Amino acid sequence: MGQPGHHLSITSRAFLFLLVSPLTAYRSPLTAVQIQDNSFLIEEAYNQERGIVQHISAFERADGGDWAYSFTQEWPLGGIRHQLSYTIPVENIEGFGTGLGDVALNYRYQLTGNPDARTVAAPRLSLLLPTGDEAEGRGAGVVGFQVDLPVTLVLSNEIVTHWNAGVTLTPSARNPLGQSATTSDLKLGASAVWLLRPSFNLLVEALWLSTRAVVGDGQTVGEKTGYLSPGVRMAFDLAGDLQIVPGLAYTFALGPESNEDALFLYLSFEHPFSRQ
């Protein structure tokens with residue numbers, strides 16, 4: 001592309017959206033119209049419960065016109081201890097058009113806690129497949145690896161907090177010019193959720209990213225970006241134990257190196273795939 005600064009901005013926003021994707025949600029089948037999770041930018045520490053599958057759609061549109069969409073599907077392996085999921089991103093970047101990004105395959109282990117615990121942790125390991133076209137700015141061109149540690153702390157019946165720390169390593173990542181170098185990215189984040197009503201919640205999320213982009217063979221340049229995202233979510237319980245959770249947020253970019261502000265839309269469908 002010949003514009004390292006622009007390419008770095010694209011890389012950071014794509015990285016941000018990828019981090020949005022592998023989220024989790026839990027809803028007790030004994031509690032009607034209750035939202036326990038369904039955050040947007042920050043990952044919670046609850047794995048899917050036995051017999052429940054979740055389908056998550058997330059859409060982000062920056063003020064400049066670039067947009068990204070992801071679809072995530074989560075499956076428990078027998079119970080909440082082990083969970084598999086995948087994330088399929090589609091990105092639209094000015095000057096490059098629309099196309100598939102790098103698909104993520106995710107495994108999460110419920111290390112501590114359960115849906116009724118005050119403290120919960122569930123480390124995640126993700127394999128990032130080179131399904132995107134690096135020449136179009138939508139992928140790294142090689143396999144990447146991501147590790148994330150989400151921790152959930154329930155402070156009261158009305159306030160829940162979530163904390164994230166993660167690292168992404170991409171050996172020999174390539175840029176649109178075909179140049180390659182190993183990149184490493186760092187993510188730190190936190191959120192607070194106010195359970196104003198069982199089916200209506202307010203939340204605010206904060207995310208900090210330190211990312212690196214390839215600007216030459218064996219050369220990378222770093223960028224630090226911050227985001228503050230207030231939002232709202234609500235739940236609807238329908239027949240067949242189907243729960244639908246729509247959400248809306250606006251993400252404010254913080255700091256001189258941050259990207260544009262963005263509108264964020266969220267939609268989750270959660271339902272049983274087997275009877276317990």
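Q: What share of the 276 residues in the protein is buried?
A: In this predicted model, buried residues make up 51% of the 276. To count as buried, a residue must have under 20% relative accessible area.

Q: Why is serine 85 called buried?
A: The cut-off for buried is under 20% relative accessible area. Serine 85 has 9%. The value is under the cut-off, so serine 85 is buried.

Q: Where does serine 85 lie, and what is it in contact with?
A: Serine 85 lies in strand E3, residues 79-93. Leaving aside neighbours within four places in sequence, its contacts are Thr72, Gln73, Glu74, Ala104, Leu105 and Asn106.

Q: Why is phenylalanine 145 called partly exposed, rather than buried or exposed?
A: Buried needs under 20%, and exposed needs over 50%. Phenylalanine 145 has a relative accessible area of 40%. That value falls in between, so the residue is partly exposed. Phenylalanine 145 is found in strand E8, residues 144-154.

Q: Which residues have the most contacts inside the largest nonpolar core?
A: They are Phe40, Val120, Phe264 and Tyr266, in a core of 20 residues. Strands E1 (52-62), E10 (180-197), E14 (242-254) and E15 (262-272) each give two or more residues to this core.

Q: What does valine 120 touch?
A: Residues up to four places away in sequence are not counted here. Valine 120 then touches Ala45, Tyr46, Gln110, Thr112, Gly113, Asn114, Pro150, Val151 and Thr152.

Q: How many helices and strands are there in the protein?
A: There are one helix and 15 strands.

Q: What share of contacts joins residues at least 24 apart in sequence?
A: The share is 57%, among contacts between residues at least 6 apart.

Q: What is the mean pLDDT, and how many residues reach 70 or more?
A: The mean is 87, and 86% of residues reach 70 or more. Over residues 1-15 the pLDDT is below 50, with 40 contacts in the model beyond near neighbours in sequence. Residues 17-33 also have pLDDT below 50, with 71 such contacts.

Note on methods: Residues are numbered from 1 along each chain as its sequence is written. This is a predicted model: local features need pLDDT of at least 70, side-chain atom pairs count only at pLDDT 80 or more; totals for chains, interfaces and linings use all residues. Side-chain values use heavy atoms; hydrogens and water are left out. pLDDT is the predictor's confidence in each residue, from 0 to 100. Contact means heavy atoms within 4.5 Å. Helices (H or I, at least four residues) and strands (E, at least two) are DSSP runs, numbered from the N terminus. Buried means under 20% relative accessible area, exposed over 50%, partly exposed in between (1.4 Å probe, protein chains only). A nonpolar core is a set of buried Ala, Val, Leu, Ile, Met, Phe, Trp, Tyr and Cys residues joined through side-chain atoms within 4.5 Å.
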